[in-house]
There are 4 protein chains.
Amino acid sequence: MENGTIGVWLIGALGSISATVILGALAIGKGAAGAVGLVTESRPFRELHLTPVDALRFGGCDIRSSRLTDSLAAAAGDVPEVAAQTLASSTLQIEAIQRHLTQGTRRNCGSAISALAEPVDHCDRPIRDDIAALVADMQAFKREIGADEVVVVNLASTEPALAQAPCHDSLEEFERCLDANDNNVVSAGSIYAYAAISAGCPYINFTPSNGALLPAVIELAEQRGVPIMGNDGKTGETLVKSVLAPMFAMRNLEVLSWEGFNILGNLDGKVLANPENKEAKIRTKDAVLPKILGYSPHSGVHINYVPSLKDKKIAWDFVHFRGFLGAEMSLQFTWQGIDSILAAPLVLDLVRWAVLAKSRGEAGLMTHLGCYFKNPLGVTEHGFHEQYAHLRKYCAHVMESRKSV
Amino acid sequence: MENGTIGVWLIGALGSISATVILGALAIGKGAAGAVGLVTESRPFRELHLTPVDALRFGGCDIRSSRLTDSLAAAAGDVPEVAAQTLASSTLQIEAIQRHLTQGTRRNCGSAISALAEPVDHCDRPIRDDIAALVADMQAFKREIGADEVVVVNLASTEPALAQAPCHDSLEEFERCLDANDNNVVSAGSIYAYAAISAGCPYINFTPSNGALLPAVIELAEQRGVPIMGNDGKTGETLVKSVLAPMFAMRNLEVLSWEGFNILGNLDGKVLANPENKEAKIRTKDAVLPKILGYSPHSGVHINYVPSLKDKKIAWDFVHFRGFLGAEMSLQFTWQGIDSILAAPLVLDLVRWAVLAKSRGEAGLMTHLGCYFKNPLGVTEHGFHEQYAHLRKYCAHVMESRKSV
Amino acid sequence: MENGTIGVWLIGALGSISATVILGALAIGKGAAGAVGLVTESRPFRELHLTPVDALRFGGCDIRSSRLTDSLAAAAGDVPEVAAQTLASSTLQIEAIQRHLTQGTRRNCGSAISALAEPVDHCDRPIRDDIAALVADMQAFKREIGADEVVVVNLASTEPALAQAPCHDSLEEFERCLDANDNNVVSAGSIYAYAAISAGCPYINFTPSNGALLPAVIELAEQRGVPIMGNDGKTGETLVKSVLAPMFAMRNLEVLSWEGFNILGNLDGKVLANPENKEAKIRTKDAVLPKILGYSPHSGVHINYVPSLKDKKIAWDFVHFRGFLGAEMSLQFTWQGIDSILAAPLVLDLVRWAVLAKSRGEAGLMTHLGCYFKNPLGVTEHGFHEQYAHLRKYCAHVMESRKSV
Amino acid sequence: MENGTIGVWLIGALGSISATVILGALAIGKGAAGAVGLVTESRPFRELHLTPVDALRFGGCDIRSSRLTDSLAAAAGDVPEVAAQTLASSTLQIEAIQRHLTQGTRRNCGSAISALAEPVDHCDRPIRDDIAALVADMQAFKREIGADEVVVVNLASTEPALAQAPCHDSLEEFERCLDANDNNVVSAGSIYAYAAISAGCPYINFTPSNGALLPAVIELAEQRGVPIMGNDGKTGETLVKSVLAPMFAMRNLEVLSWEGFNILGNLDGKVLANPENKEAKIRTKDAVLPKILGYSPHSGVHINYVPSLKDKKIAWDFVHFRGFLGAEMSLQFTWQGIDSILAAPLVLDLVRWAVLAKSRGEAGLMTHLGCYFKNPLGVTEHGFHEQYAHLRKYCAHVMESRKSV
């Protein structure tokens, strides 16, 4: 079953990560690029023979209505040679994807995101209608491409944090709020997640938006037998942090302060320049240290928009620590990454893992995918190596169960 | 048995690591310092209740004949407050240690190390006489302090690499070369290790010197039931490297180049400024990457002597890597450590582990201590986290076996 | 005349810069420290034979009432050896300074600064009374120490920016507002500066506080024949910036973005963690680039309070620039300074320059001191090298005029 | 006269700097690139109206015989967009340059450079024949393109240092050695310089090779009325160093150590990986500090070849310095430049300055161009800002003299 066509429905389909996901899948399909960056193609996992990347077909939605070709042209800037070998010969495929792009929702996404959106939106229609429209879009996509499964991935900009509400904790109560069209308890993310699960589609929340995988929504996924996971893809600074922080713990060195500064120039950076969106992001980045160290050193995560950097994301972290006899020392690092290039292969990985989980009848949070997220829901391991070990154990378990069939 | 007096016989006893080991043990004994930096005092291992640090008594040898108080005064510069609370009230203890310092050997240590040594040395006496003298020194030390065990730790400067010889691979052949007084097949490290094991003392090679734990010497340790381990304490740049390199592998990112530059100003740096000594050091630092990554990126490790830094050791590493679709990115870090402060607690840890191993009847290489060494002999895990997991497993095993008694 | 006793009246006398100024002057007087860091003692300026550092006597005010000995003990942490050689033998001098410390004003200094102050303050008394009290304090200090001159230096924490008011532009109008006790047009800085000039004391505004050297106050200084200068001592990141930025202009390289992150742990950092105080500081730091480059690249200056760093001030700057054919490149630097250590010698320099200017009958802004300030008032050179050349020209001019006498 | 055609004869014409010079001149001619990076086009100098870049015609020599189009394609990698707009429409011009490329000499260039060369060379013919052949090549080039002047620029790889010989100090003696065909006293650089000056062509030594501008050769230039200048274009790390080092002097801060590490991946890097070539390079880089500071701190310049970096040149410099009261602080910077992109506009600048000097009848060293070189011959200013001020004075002088005509 895993070798049939699989649909990938991207929320924020015109953004730079989506464009790189699509460009990458096309390039791999044409042999213009290899598997570097795809964890699922590295040695321990390759033998699982997950859905081939070239079996993926793309669609999705966006709140903007620019052309996908423009997004792809922008994404091509990071990898001009691969793009040159890929885009010109992919015209038909790109047109097909463009035809499967629909209008997204920006409900409670804040002013920074709304500023990007087309004036025409349906924010004032009842929530249930929004959901129904999205379910219909996803089902239509699945039908039209003849897919066995459709995986929905949220790659939209960070929403402002959704305030906790009592109804979030119970599916029954949450349904009642939806029925009552209570606009205060949902964000766009909640609606996408609810719709995807209702349509039977695995859902990946690659954003920090906390409105998506509410306890009530997780409950829905468990009920419907749909695998889901989030939050916030771990691509750069936080990845390094979750690798380095355990070192201090393992050497019994005391972290006094860990201050991180991120500068980036893409749309994500622009949206994050808005305090309410930034706040939500920082919350997932900043939670890592106490969980790993077992205490809370002084720490800060700062994000600044520097347009000239475009898709480059540079982070400088300064770690001040105390060693034997109280002597103070420091470690600093500068990470110079390209955001979409780091994120895109993880998205492809996650789609492939979701398809596997669905085929195995797994429902709810895929906690074995903790190593992919800054704030992995339901996961107790916080160091990267432990999270990775969990994934390897899962893989071994799958291989074992296949043999026993 | 673990609570009796334990002797620690330090080779290079007047060097800065030794001085910090002694200062630290005194400070802990007086309550002037806590357990930061001691891995054996961190949560997973504390419950083993290893030999208390204040049960350790120190002695050793050096090729210089300066006063220990001078070494301690220099070490105090890194931690003036702790030193002020400790040294003045430790006069008797320091004098006792001074009385247990004997003359070391500089056999085949190269010109850089010989330049540090006193003119009076016994390089021209037969190897067997050197060994016998060292065995006598160690036994006298044990007797005089009334110790249950003496652990010997090599903290001397890096020797030039000892050329491989056929006799290194078999104890029988090696003994024959010693009898024949073949000076080409041994270095000071070989003699120290051979003597320690002959005297029944666990031996820790904290230096990169490859002459110490020759296969023949390991064979001797197995025969005599003595636990040993090496090589080269993993304190700074290589520690970070063995933590970060697995991240690239786990994300399927291709390391193109990893170039590391170390600057340091202590005696170790001065000796390493000599090409033949540096070569030996770089060999252990540089071997880490291929073992972790499974391929050999371009890599270099450079060490330079910068006297003004004194005991500070600063490393700048530049990692150039390739991600999805071939896009190139980079990570650089600057590590600003204090060499002795990082090394000393590991020495105390290793002594405690060695006492435990001896008491449990373990002989030969203590492979569970891989996380402490740049080039851990007999160890198959090369990433730091895996090495640490090995140590935790060992700890669990010990706890289990205690319960079953 | 320059060799008589000179009084230095420090505003913020219990702060860390003041303590280092005092410790340094004592140490130099006792021969425990040399002239490193004193620009006035470097080759081109030494021949001016300015007031000897050991001819300086200190007094001042603070809004806190802790003991100077506590401040000195804290400052000693940066230079333990020099302090050990100095403080014990300076008891009488330190007590004398303590006797000359009076109560400062925190008028319109904002909540962050007020939180540091003693509850007893005279904020509610008329402005003119505040001024009269300060004038009296300064005159009493001068009389008691038998000084030829007293130089007043503002080393207090950064005040929130004082809003511009029409009366700031004319001394006549400003006097009228003082008479009317209009509390909205003054801050503590204005009052200190007005009082000092009224008392005939040269005034140095080493802080960014914009309330001090208002145009009306500068007019007063010109009228009274008193030399003054400000704003904001150029000690670290901005110094490097004003050195490096001209390089880009001189090579015709286009700076696209210049993003700077400062972390520091002293009281200054704590006050700057308050947004209204930070805003005032960033304004003087951020103005440098456009003036040097002739255009305004994207730039940001960020300041964060990291308590564990204490008096250390670390800045990471990332410069993104465009070169030939549009290719993009970058320069990043990490500055690891000790704030008071960098500031204190500049304060001593400025006092010495002010005494010289007063003796030469110079009045108003000392524009030849531009190289000492982040935002030098009345100065047209913005690159550090040009500012320094200006100082050398002034020095040559002074030497010339001496010869002609 | 300055607006006629000017020939530029590049030694090392197939190297990456040459290719970027040619690509850049073509791009500027076509309007595909602006003047960023050209100092001669920045404000103070623009008004001199030097030879337009599109009046330059290129030729030269190389010891390799690969195609210029390959070099240009490699250079295009740094600036793909500009190259795409330029190269396709420049076929005829590129072919013309290719026709003017002749065989270079590798006399005494060492094994690293010889390894790059074609087997066919004329190393064994008499030196005088080599010179005559080069003079003929340059004259033919001038004639064929109808140039008013030809400027010769040495962009070849760094030669091993040429040992000093008594005959280097006098033209008369040097001529005698050439007549005697004494191969020990010349390198390829000497021959190129001698030939260029003999042909009446201004000569720029952009390389560190010390064999080029020997005192005897400078004497020849003075005699023949030919302007010349060198050594070693100041493009990256040394530029920053000559900007930052004066800051320490001007603040009376004592530099304890300045350690610099360069990594680069182009052919220059490959040649410099050879110790004899590296030695020559480091000599010019390392001389800067003592001249600026007036004393010699511990310093080192290290260069390592890291192939994956290609034309990128990354330098990490660590500066350890002492401030007030002996407190130690540090500054570190990471320069991430693209070697050819930084060098090429300086080459165009230097050609334009040389044409101006020739037209003004200036002969011998053009000391006003000190800011362009790491080791500017005959120049007493060593800080970058002073060197730049010298150039501005020269410019003002030229403008003045034009007015007076």
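Modeller: What follows goes from the overall fold to the copies and then to single residues.

Colleague: Fine. What kind of model is it?

Modeller: It is a predicted model.

Colleague: Start with chain A. How many helices and strands are there in chain A?

Modeller: Chain A has 16 helices and eleven strands.

Colleague: And what is the radius of gyration of chain A, against that of a compact globule?

Modeller: The value for chain A is 21 Å. A compact globule of 405 residues would come out near 22 Å, so the two agree. The C-alpha trace of chain A spans about 65 × 50 × 50 Å along its principal axes.

Colleague: What share of the residues in chain A is buried?

Modeller: Of the 405 residues in chain A, 64% are buried. The accessible surface of chain A is about 13600 Å², and carbon and sulfur atoms hold 50% of that.

Colleague: What about contacts along the sequence?

Modeller: Take the contacts in chain A with a separation of 6 or more: 79% of them are between residues 24 or more positions apart.

Colleague: Charges. How far apart are the mean positions of the positive and negative ones in chain A?

Modeller: They are 4 Å apart, for 36 positive and 44 negative charges.

Colleague: Why do you say that chains C and D meet through the same surface?

Modeller: Because 100% of the interface residues of chain D are also interface residues in chain C.

Colleague: Now B:Asn304. Where is B:Asn304 in chain B?

Modeller: B:Asn304 belongs to strand 8, residues 298–305.

Colleague: Is B:Asn304 buried or exposed?

Modeller: Buried, since its relative accessible area is 15% and the cut-off for buried is under 20%.

Colleague: Which residues does B:Asn304 touch, leaving out those up to four places away in sequence?

Modeller: In chain B, B:Asn304 touches B:Asn262, B:Ile263, B:Leu264 and B:Lys278. In chain D, B:Asn304 touches D:Glu259, D:Phe261 and D:His302.

Colleague: Staying in chain B, what about B:Ala133?

Modeller: B:Ala133 sits in helix 7, residues 127–145 of chain B. B:Ala133 is partly exposed, at a relative accessible area of 24%.

Colleague: Backbone next. Which residues does the cis peptide bond in chain C join?

Modeller: C:Gly230 and C:Asn231, with omega about 0°. C:Asn231 is in the loop between strand 6 (227–230) and helix 11 (237–250) of chain C. In chain D a cis peptide bond joins D:Gly230 and D:Asn231, with omega about 0°. D:Asn231 lies in the loop between strand 6 (227–230) and helix 11 (237–250) of chain D.

Colleague: Is A:Leu325 buried or exposed?

Modeller: A:Leu325 counts as buried, at 6% relative accessibility.

Colleague: Last one, D:Ser187. Where does D:Ser187 lie?

Modeller: D:Ser187 is in the loop between helix 8 (171–179) and helix 9 (188–198) of chain D. At 1% relative accessibility D:Ser187 counts as buried. Not counting residues up to four places away in sequence, D:Ser187 touches D:Arg107, D:Asn108, D:Glu159, D:Leu162 and D:Gly211. The C-alpha atoms of D:Ser187 and D:Ser209 are 8.8 Å apart.

Key. Residues are numbered from 1 along each chain as its sequence is written. Chains are lettered from A and ligands numbered from 1 in the order in which they are written. This is a predicted model: local features need pLDDT of at least 70, side-chain atom pairs count only at pLDDT 80 or more; totals for chains, interfaces and linings use all residues. Side-chain values use heavy atoms; hydrogens and water are left out. Helices (H or I, at least four residues) and strands (E, at least two) are DSSP runs, numbered from the N terminus. The radius of gyration is taken over C-alpha atoms; the globule rule is 2.2 Å times the number of residues to the power 0.38. Buried means under 20% relative accessible area, exposed over 50%, partly exposed in between (1.4 Å probe, protein chains only). Contact means heavy atoms within 4.5 Å. Accessible areas come from the Shrake-Rupley method with a 1.4 Å probe; for residues, only the protein chains shown count as cover. Lys and Arg count as positive and Asp and Glu as negative; His and the chain ends are not counted. The place of a charge is taken as NZ of Lys, CZ of Arg, CG of Asp or CD of Glu.
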